[in-house]
Amino acid sequence: MRRPEKDMMTTLSQKVKLLGDAGKYDLCSCRGCQRPAYAGTDFSDAIYKAVSVEGRQITLFKALMSNDCAFDCKYCRNASGCNRVKESFTPKEYADIFGYLTKKRYVEGLFISSAITKSPDRVTEDMLDAVKMIRQKHGFRGYIHFKILPGTRYELVKQASELADRLSVNIEAPSTSRMSELSSVKDFKIDILRRQLWIKRLSPGAGQTTQMVVGCGSETDLEVLKRSNWEYTRMELKRVYYSGFIPAPGTPTEGNRGCDHMRTVRLYNSDFLIRDYGYKLNEIKEIMDGGFLPRHDPKMALARLMLDRNIDINEAGFNELIRVPGVGPKSARRIVSAREKKRIQKMSELRELGVVTGRAAPFLRIGGSEQKRLCAF
């Protein structure tokens, strides 16, 4: 490696540390984001092991273009009025860092986003210039996730769709009224939902994701899941991510209580039930209290409420099986396939098929017998 390149990367490492750390709160690009094994490099604050919505593992470079924001989101440490060190990359700096990291094989994909410096269009133009250099100068043909900023004009969204594999915009809140609790400058329908519609039309099949901040405003779980359900059906989203509010020093909400971790866990649980298990929102509403989910597993709560009889493991169809706690889509398919050859007679057979029998047993009838439920005593 030429010495000038090494010197330049050493100079930029402080920017990477600051802007990589500033970008870690965006969950839209990955699930279970973790630092990779070689986290001791100068750029480790912006390198993440991620699992895509398709389930593929990928190592991403994930740093903001800038942390100097003109917007006033009350939960955000990068918002206008917050006391912080402000920093930005030039498009060339951003592209050269990514090119260096791909050459070293530290990363294999990019998630590019930014705070909104001056205007959404201006910073998007810088992001586009960086991606063009990455594609053209550095010859990168791999995965790029481009974060569309609220209020970005159509022509720039279209350019991004031609350069990136995936586009997304964060909705942050479930409705116009809840957005007004978080920010005074974002128009929920025009700045955000309209951009989602553009992405849907410009990148059909690529699949959008989005993120909501939970617990900063006064939204209920029902409001959150209503919006998520709308996003899945109307905008054809791949995933909705739930970011539990964490009070940040220097923000208007620094004295507020953070979001209970179990609240986001139960939102994800319920999201999976709607998206992957075929549950209806009205069913999940039945186990809510004042619009909020119970602290215990929603699938278990729904089974106790709605399964009025134990399910015969050898007779039940796929859609019945996946409603049993401890049985997922994969294990349900295995059960259907296995019993085509012979009847299932023992719990141990179900265990071998991937069923969590400790959760499933109270709701099943197998071999002519069934286990009584605790709630039946």
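Colleague: Let's start in the sheet: which residue in strand 4 stands opposite Phe61?
Modeller: Keep in mind that this is a predicted model. Strand 3, residues 57-64, pairs with strand 4 in the parallel sense over five bridges. Across that pairing, the residue of strand 4 opposite Phe61 is Leu110.

Colleague: And which residue in strand 5 does Leu110 stand opposite?
Modeller: Strand 4 also pairs with strand 5, residues 143-147, in the parallel sense, over four bridges. There, the residue opposite Leu110 is Ile144.

Colleague: Through which helix does the chain cross from strand 4 to strand 5?
Modeller: Strand 3, helix 2 (residues 91-103) and strand 4 make a right-handed β-α-β unit. Strand 4 also leads on to strand 5 by a β-α-β crossover that is right-handed. The helix on that path, residues 120-136, is helix 3.

Colleague: Which residues of strand 4 point the other way from Gly109, Phe111 and Ser113?
Modeller: Here is a handy rule: in a regular strand the side chains alternate between the two faces of the sheet. Strand 4 covers residues 109-113, and five of its five residues are buried. Gly109, Phe111 and Ser113 point one way, and the residues that point the other way are Leu110 and Ile112.

Colleague: Now to helix 6: how far apart are its end C-alpha atoms?
Modeller: Helix 6, residues 188-202, has 15 residues, so at 1.5 Å a residue it should span 21 Å. The model agrees with that, with the end C-alpha atoms apart by 20 Å.

Colleague: Which residue caps the N-terminal end of helix 6?
Modeller: Look for a side-chain oxygen that lies 3.2 Å from the backbone nitrogen of Lys189. The residue that carries this oxygen is Asp187.

Colleague: Which helices and strands do the buried residues of helix 6 pack against?
Modeller: The buried residues in helix 6 are Phe188, Asp191, Ile192, Leu193, Arg195, Gln196, Trp198 and Ile199. Their partners are helix 4 (154-163), strand 6 (166-168), helix 5 (176-182), strand 7 (209-214) and helix 7 (221-234).

Colleague: Is Asn310 buried or exposed?
Modeller: Asn310 lies in the loop between helix 10 (298-306) and strand 9 (311-312). A polar atom of its side chain lies 3.3 Å from the backbone oxygen of Pro362, and one lies 3.1 Å from the backbone oxygen of Leu364. The cut-off for buried is under 20% relative accessible area. At 7% relative accessibility, Asn310 therefore counts as buried.

Colleague: How many aromatic pairs are there?
Modeller: Two rings of Phe, Tyr or Trp pair if their centres lie within 6.5 Å. By this rule the count is eight.

Colleague: Is the pair of Phe43 and Tyr100 stacked or edge-to-face?
Modeller: The ring centres of Phe43 and Tyr100 are 5.8 Å apart. Phe43 sits in the loop between strand 1 (31-34) and strand 2 (47-51) and Tyr100 in helix 2, so the pair ties together parts 57 residues apart in sequence. Phe43 is buried at 4% relative accessibility, and Tyr100 is buried at 12%. Planes over 60 degrees apart count as edge-to-face, and these planes are at 65°, so the pair is edge-to-face.

Colleague: Which residues do ring pairs link into a cluster?
Modeller: Phe89 and Tyr94 are both buried. They form an edge-to-face pair, 5.5 Å centre to centre with 85° between the planes. The cluster linked by ring pairs consists of Phe61, Phe89, Tyr94, Phe98 and Phe140.

Conventions: Residues numbered from 1 in each chain as written. Predicted model: local features only at pLDDT ≥ 70, side-chain atom pairs only at ≥ 80, totals over all residues. Heavy atoms only, no water. Buried < 20%, exposed > 50% of the residue type's maximum accessible area, 1.4 Å probe, protein only. Helix = DSSP H or I, 4+ residues; strand = E, 2+ residues; numbered from the N terminus. Pairing = 2+ DSSP bridges. Right-handed = clockwise from strand over helix to strand, strands pointing away. Expected span 1.5 Å × (residues − 1). Contact = heavy atoms within 4.5 Å. Polar contact = N/O pair within 3.5 Å; in protein donor to acceptor, adjacent residues only side chain to side chain. Phe/Tyr/Trp six-rings, centres within 6.5 Å; stacked < 30°, edge-to-face > 60°.
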